[in-house]
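Hello,

Here is the structure for your files. Please have a look at it first; my notes follow below.

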Amino acid sequence: MFITRKTRIVAIVTLMLLVIEGCGSSERQPRGQLLWYDKPAKEWTEALPVGNGRLGGMIFGNPATERLQVNEESLWGGMSIANNNPGALANLHRIRKLILDGEIPEAYDLAEKNLAGIPGKTRSYQTLGDIFFEFKDTTGRLTNYRRELDLQTGIASVSFERDHKKVSYQIFVSSPDDLMVISMKSEKKGGLDMDISLSRPQDATVTVSENRIDMEGQVYDREDHEKGPSGDHMRFFASLMVASCDGTLAAGDGTLHYSGGTEMTLFFDAHTDYNIDLLNFDRSIDPRRLCAEAISAASWKSLKLLRKTHIEEHSALFDRVTLSLGNGNVPDTIPTDERLRRFQAGGDDPDLIVTYFQYGRYLLMGSSRCPARLPANLQGMWNKDMEAPWNSDYHTNINLQMNYWPAEVCNLGETAEPLTRFMEEITVPGSVTARETYGAKGWTMHHTTDVFGKTAVLDGVYWGMFPMGGPWMTLPLWEHYAFTCDTAYLRDRAYPVMKGAAEFILTFLVDDGNGRLVTVPSYSPENSYIDPATGREFKLTYAPAMDNQIIREVLGNCQKAARILHTDGQWADSLQLTIDRLYPDRIASNGTIMEWVKEYREAEPGHRHMSHLFALYPGTQITRDTPALYAAARRTLERRLENGGGHTGWSRAWIINFYARLYDGEESFRHLRQLLERSTLPNLFDNHPPFQIDGNFGGTAGIAEMLLQSHNGVVNILPALPEAWPEGKVSGLKARGDFEVGVEWKEGKASSISVKSLSGSPLNLVCLDKAISMATVKNMTYYFNSELKWIK
């Protein structure tokens with residue numbers, strides 16, 4: 001069936017021309033806020049990401065066949081299933097005794113049989129599929145190609161000329177309207193003649209009508225299928241609709257043909273029947289209806305309005321923080337991938353570092369803000385695979401935590417909302433795991449989980465025996481309070497989760513026979529030691545340093561929260577008795593922090609995890625006030641690096657933050673360089689390898705930590721400034737106590753400082769050897785000179 005669709009009003013045409021006419025222009029862009037390329041993406045890791053937290057896409061920019069790979073955050077394989085091991089409680093005492101007695105091989109075998117979850121794995125977060133735009137005119141000479149991502153507006157654009165006929169298009173995913181918008185334009189008729197299709201590798205049926213393509217399906221997980229009927233998997237629906245055009249549309253066999261026009265606007269949306277309140281799919285949810293409602297609502301709005309609303313919402317968050325690292329020495333006329341190659345070859349490019357920093361903020365906004373219901377996963381939300389590396393899941397032995405390290409300090413507190421919501425829900429299955437596995441109160445989870453809230457020991461005891469994963473996950477919630485001073489959030493949302501984790505700790509700890517309270521069984525993620533009795537490699541242990549450090553941090557936060565909320569005073573005071581009975585951090589004979597309860601020989605001295613330095617970062621226990629441990633922490637880092645540590649992207653990012661806490665700007669910068677040199681892909685995604693987004697977030701947090709620190713009650717200005725940044729300016733970073741901080745520096749020293757007190761908290765400000773303490777007034781901004789003299 002052939003139809004001709006005209007734009008609804010001529011004004012929209014004119015507005016579209018004006019909007020798209022500027023596609024590809026970067027002259028008005030602030031430095032460091034644009035990624036651009038002079039050729040299409042050949043690989044997925046060269047494509048450019050867009051997203052609103054729930055819906056996302058990767059744009060390749062191919063002028064022959066544009067591929068737009070798309071994701072919906074909740075589309076996962078698997079199902080909600082009780083997987084706590086039924087043999088746990090009956091064998092827990094025996095397992096604990098064997099570990100404490102040093103009978104590790106027997107303890108491991110018994111634990112693997114009786115503690116490992118059944119089933120013991122999660123399924124993968126899945127790609128939704130691909131949208132293809134197959135251009136008919138592909139034979140003419142291609143010139144003036146440009147592909148770019150504007151971080152400030154959240155709009156990706158592509159433009160090129162084919163035989164001097166310009167074609168351009170823009171793609172953005174609107175948070176206010178919760179759908180993807182694609183607008184395309186050609187200077188002359190025929191430039192947009194194309195076949196449009198929507199596809200998925202499996203489990204989907206596509207139908208084409210006069211102006212839309214619908215895709216409907218249900219995940220068919222072959223591994224899970226034998227455990228339940230086919231109806232027990234997630235359902236999904238996606239719809240791509242041509243909202244307006246000036247050419248001819250025709251429905252074909254699996255494709256939509258467009259011809260004879262010069263412009264076209266399309267809407268795309270997708271939903272599943274996932275319900276986060278249930279941590280499960282919900283058959284009362286109709287994904288088709290949700291798509292229809294969103295597209296119908298957007299159809300009443302002009303492209304100008306949709307774009308304006310999107311930019312206003314996006315830029316309101318993004319523009320909170322600005323960063324300049326002096327006068328850039330690389331012109332903006334050089335594409336981003338070429339700049340990266342030059343940097344990797346040893347070149348200097350401060351603006352590229354600014355771009356990397358702002359890109360991390362952009363990616364967190366794109367994978368974890370309203371309308372997102374789920375936190376950012378191992379790949380944020382961008383995934384091309386049906387079975388992703390590590391399932392693109394939620395690893396909770398550092399990776400999910402690292403995703404949110406930049407959230408507060410980089411003034412994106414709203415991105416913590418999906419994580420808070422997820423943690424509130426995870427306490428429900430987590431309490432079942434605590435009770436059925438350990439006979440404990442409260443709640444916990446181990447080293448990984450999925451959207452169905454699995455909290456048992458996953459991936460076997462070897463990888464998954466980390467009962468402190470749950471307590472560690474309370475830190476981002478406490479940090480959100482610390483940065484915002486939102487007592488309602490603390491009382492109603494964070495504290496209940498924190499207290500539940502503390503209750504688990506209190507009832508999980510046991511006496512080791514020497515008067516110490518210990519975690520057992522456990523491990524130090526994900527390192528192994530050599531068992532002195534057998535010479536074999538094991539992870540299973542008791543009381544590793546990280547466990548003790550996490551417990552001190554979590555119980556200490558609970559004490560602070562109880563005092564702030566004027567509640568549970570006696571209980572909070574009693575936590576100190578537990579803290580005092582933990583093993584303290586100790587220094588090994590080689591001068592490093594002891595990772596395990598005994599001075600075992602490491603199986604891998606250069607391991608990517610540096611779990612026993614949790615107390616340095618993100619924890620707050622190892623500081624200059626603990627000089628022996630502070631020196632030992634540095635030696636621990638040095639030894640890891642001497643043996644090849646930091647070889648993964650996220651590990652290198654963690655090292656940046658470690659050295660920032662050691663006030664060593666030169667080492668922080670050296671490892672920031674290595675993060676870009678060794679672990680950064682052409683589209684600036686972090687490379688584990690393969691792609692894993694936590695390195696982006698950890699790197700962004702590390703840059704912020706070099707410029708501003710605020711743990712332990714002190715706002716410290718430029719604590720780890722490297723010589724490579726002799727001058728610069730940053731504004732909008734957040735400090736604990738709900739302060740918004742700006743700094744300008746010259747010749748390596750702060751020349752002016754501004755502090756806006758958003759909650760009226762007391763201010764303790766430090767810059768080099770100068771310090772000032774003062775009361776503040778809510779919503780007042782205070783200005784200081786280089787001597788920390790208050791300029792009224």
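A salt bridge here is a side-chain nitrogen of Lys or Arg within 4 Å of a carboxyl oxygen of Asp or Glu. This is a predicted model, where local features need pLDDT of at least 70, side-chain atom pairs count only at pLDDT 80 or more, and totals for chains, interfaces and linings use all residues. Residues are numbered from 1 along each chain as its sequence is written, and side-chain values use heavy atoms, with hydrogens and water left out.

Salt bridges

The count comes to 51 salt bridges. In one of them, D337 meets K39 at 2.9 Å, N to O. D337 sits in helix α7 (residues 336–344) and K39 in the loop between β2 and β3 (48–51), so the pair ties together parts 298 residues apart in sequence. (Helices, H or I, of at least four residues and strands, E, of at least two are DSSP runs, numbered from the N terminus.) D337 is buried, at 7% relative accessible area. K39 is partly exposed, at 35%.

E216 is in strand β13 and R288 in helix α5, 72 residues apart.

The sheet

An open sheet of 9 strands runs β2-β7-β8-β9-β10-β17-β14-β13-β12, with antiparallel pairing. (Two strands pair if DSSP finds at least two bridges between them.) β2 (34–37) and β12 (204–208) stand at the edges, each with a single partner strand, so one side of each lacks a neighbour in the sheet.

Best wishes

Note on methods: Buried means under 20% relative accessible area, exposed over 50%, partly exposed in between (1.4 Å probe, protein chains only).
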